[in-house]
Amino acid sequence: QVQVAESGGGLVPAGGSLRLSCAASGRTFNAYAMGWFRQAPGKEREFVATIRGSAGSTYYVDSVKGRFTISRDNAKNTVYLQMNSLKPEDAAVYYCAVKEFYTDTYYIREAGVYDYWGQGTQVTVSS
């Protein structure tokens with residue numbers, strides 16, 4: 001069994017920063033990809049960012065490019081999301097997702113390919 005736990009959410013003023021962390025633990029495994037999705041009230045869950053493979057290739061939704069940075073500690077199966085210049089529209093519950101085995105890049109932004117999910121952490125941005 002694999003457990004996924006996020007931390008680091010909170011309330012921040014517009015223009016501020018937050019750093020989310022996510023650790024995958026449990027049985028021994030090496031996650032192929034670890035990423036973040038978010039869901040705002042009344043909206044569908046959307047892809048935010050992911051990092052995959054040993055080379056650490058990264059992918060972002062256009063709305064966060066230049067403001068968010070995803071990084072990973074492979075040895076710890078931990079992924080981070082540094083969020084800068086936060087906007088009110090970034091407010092949502094952020095979910096960490098873990099993909100254990102290889103998937104084609106074409107699918108890396110699809111929530112359905114991820115195997116394990118965290119409970120989510122709330123990010124609130126005041127205007």
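Rings of Phe, Tyr and Trp, the last by its six-membered ring, are taken as a pair if their centres lie within 6.5 Å, with planes under 30 degrees apart counted as stacked, over 60 as edge-to-face and the rest as tilted. The model is a predicted one, and by this rule the count comes to six aromatic pairs.

**Tyr32 and Tyr102**
- Tyr32 and Tyr102 form an edge-to-face pair, with 5.4 Å from centre to centre and 65° between the planes.
- Because Tyr32 lies in the loop between strand E3 (18-26) and strand E4 (33-39), while Tyr102 lies in the loop between strand E9 (92-99) and strand E10 (116-117), the pair ties together parts that are 70 residues apart in sequence.
- Tyr32 counts as buried at 13% relative accessibility, whereas Tyr102 is exposed, with a relative accessible area of 58%.

**Phe37 and Tyr114**
- The ring centres of Phe37 and Tyr114 are 5.4 Å apart and their planes stand at 75°, so this pair is edge-to-face.
- Phe37 belongs to strand E4 and Tyr114 to the loop between E9 and E10, so that the pair links distant parts of the chain, 77 residues apart.
- Phe37 counts as buried at 2% relative accessibility, and Tyr114 counts as buried at 5%.

**Cluster and charge over rings**
- Phe37, Phe47, Tyr114 and Trp117 are linked into a cluster by ring pairs.
- Arg45 lies over the face of Tyr95, at 3.8 Å from the ring centre, and the charged end of Arg45 also sits over the ring of Trp117, 4.9 Å from its centre.

How values were computed
Residues numbered from 1 in each chain as written. Predicted model: local features only at pLDDT ≥ 70, side-chain atom pairs only at ≥ 80, totals over all residues. Heavy atoms only, no water. Helix = DSSP H or I, 4+ residues; strand = E, 2+ residues; numbered from the N terminus. Buried < 20%, exposed > 50% of the residue type's maximum accessible area, 1.4 Å probe, protein only. Lys NZ or Arg CZ within 6 Å of the ring centre and 35° of its normal.
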